[in-house]
Amino acid sequence: MNHVSRRKFLQNIGLGSSLLSVSGLTLPSNNFINSNNDQKLNVALCGLGRYANAVAYGLESSNYCRLSGLVSGTPTKAAEWAKNYRVPSQNVYNYQNFDKIISNKDIDLVYVLLPNAMHKEYVIRAAKAKKHVIVEKPMALNAKDCEEMIKVCEDEGVQLAVGYRLHYEPTHLEIKRLGQEKVFGQVRYIEASLGYKTDAPGDPNEWRMKKALSGGGPLMNLGVYCIQSARYVLGEEPISVTAQFGPNTNKAYFAEVEASISWQLYFPGGAVCSSVSSYNFAIDRFYAGADKGFFELSPALSYGPFKGRTSTGELNFPVINQQTQQMDEIARILLTNQPLPTHIAGQEGLKDMRIVDAIYKAAKTGKKILIR
Ligand code: NDP
């Protein structure tokens, strides 16, 4: 697709206007990667929504991936995508015939970009079709489902990654280094928050507002980034949590999911991370206070470009396409049949979902909840 027609295509589907502003494996037994033997991973996108557009756009600049397949429940959209991205018709599936992908040697990996409640089913079906899988955040609706997804992928000899785009982003790699190498001494306090204002009265058809499809509100959608950043800056796992639901300002719209939620994670080294995620106001920032200084970002957790400083100066790192970088890093590992590092594998999503489960429990009970 040329630049103009791609931009028109993205405008038509609404990307950029309402896109949300908005992460110990054994080696796979199967060596089925890259049947074309051309050093590119053949990727099928499953669920052609807003974020699939961002990933497809990122794939256009990828050195190690190719958009080779589509899975969609909307035939007209699938046809338009197939044309725009030159995907052959035999590589286009719907949710009914998806399992036939097992016999398609031109697809190496399925990227699941569906509403949260569908992640588990499609990860399991992709794994049973002997395809590697990337699943979007949140990995599933709860930790138990994540455990099942990991087990099936292990049993099928495929690798499972979570789409944690910030794990490859230079500014985030730097705050991880500043925290874990204690460049400003021990980090004692973190604030990491992400929220945006939904348009009142809001789209009644938006799956994010339906608990059965989303599993919850801004915590499921945005809170994962706050939890992630605290974990990788500290290099520790939280041991307990307290949490509070925010006020429900629009009871009709927030009938099924929380409007806002705040929580405090307590880490074994003594650090505390305080966060809020919201559909009621915009916030996008990260702050770490340490013994000998601080470092902070705002914007911090969205698509950026990120802006940051430390107690000794500005943080200036190149702006990259987060999706291209993520896909290339994952593909380089899969193409050489190496195990994915744990920080982007299914285990990482499981850790986050254990914390999410504990946050909801803490908010519902008003008690401090231990995280196993
Ligand atoms: P969208 O609503 O834009 O797209 C979801 C797509 O899933 C739809 O377009 C549709 O595609 C398919 N679908 C199948 N069944 C349903 C259903 N019952 N209701 C709605 N859609 C359905 O969602 P997003 O792209 O914003 O989010 C998808 C996933 O990506 C979520 O898990 C989200 O958390 C994650 N995400 C990650 C981001 C990141 O930065 N990493 C940013 C935004 C989202 P089709 O018509 O082709 O079947």
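## A buried asparagine in a loop

A residue counts as buried when its relative accessible area is under 20%. Keep that cut-off in mind for Asn116 in this predicted model: its relative accessibility is 5%, so Asn116 counts as buried. You'll find Asn116 in the loop between β4 (109–112) and α4 (119–128).

What does Asn116 touch, not counting residues up to four places away in sequence? The list runs Lys137, Pro138, Leu141, Trp207, Leu213, Ser214 and Met220. Two of those names come back below: Lys137 and Pro138 are joined by a cis peptide bond, and Met220 belongs to the contact between α8 and α10.

## The nonpolar cores

The largest nonpolar core has 85 residues, and the members that touch the most others are Leu160, Ile190, Val241, Trp263, Phe286, Phe295 and Ile359. Helix α8 (residues 218–234) is the top contributor, giving 11 residues. At least three residues come from each of domain 1 (9–165 + 327–334) and domain 2 (170–318 + 349–370).

Take Ile359 from that list. Setting aside neighbours within four places in sequence, Ile359 is in contact with Leu219, Ile227, Val241, Ala243, Ile261 and Trp263. Apart from this core lies another one of 32 residues, including Ala54, Leu59, Leu334 and Leu335.

## Where α8 meets α10

How do α8 and α10 (residues 346–365) cross? Their axes come within 10 Å, at an angle of roughly 115 degrees, which means α8 is roughly perpendicular to α10. The crossing is right-handed.

On the α8 side, the contact is made by Leu219, Met220, Val224, Ile227, Gln228 and Arg231. From α10 come Glu348, Lys351, Asp352, Met353, Ile355, Val356, Ile359 and Tyr360.

Most peptide bonds are trans, and most residues other than glycine have a negative phi. Here are some spots that go the other way.

The cis bond between Lys137 and Pro138 has an omega of about -15 degrees, and Pro138 sits in the loop between β5 (132–135) and α5 (143–156). Gly304 and Pro305 are also joined by a cis peptide bond, with omega about 5 degrees; Pro305 is in the loop between β12 (293–297) and β13 (308–310).

As for phi, Arg86 isn't a glycine, yet its phi is positive at about 55 degrees. Arg86 is in the loop between α3 (75–84) and β3 (92–93), and it counts as exposed because its relative accessibility is 62%. Asn337, another non-glycine, has a positive phi of about 55 degrees and lies in the loop between α9 (322–335) and α10.

How values were computed: Residues are numbered from 1 along each chain as its sequence is written. This is a predicted model: local features need pLDDT of at least 70, side-chain atom pairs count only at pLDDT 80 or more; totals for chains, interfaces and linings use all residues. Side-chain values use heavy atoms; hydrogens and water are left out. A nonpolar core is a set of buried Ala, Val, Leu, Ile, Met, Phe, Trp, Tyr and Cys residues joined through side-chain atoms within 4.5 Å. Buried means under 20% relative accessible area, exposed over 50%, partly exposed in between (1.4 Å probe, protein chains only). Helices (H or I, at least four residues) and strands (E, at least two) are DSSP runs, numbered from the N terminus. Domain bounds come from an automatic or database domain assignment. Contact means heavy atoms within 4.5 Å. Axes are lines fitted to C-alpha atoms, for helices over the stretch in contact, and angles run from 0 to 180 degrees between N-to-C directions. Angles under 35 degrees count as roughly parallel, over 145 as roughly antiparallel, 65 to 115 as roughly perpendicular and the rest as oblique. A crossing is left-handed if the near helix is turned anticlockwise from the far one by less than a right angle, and right-handed if clockwise.
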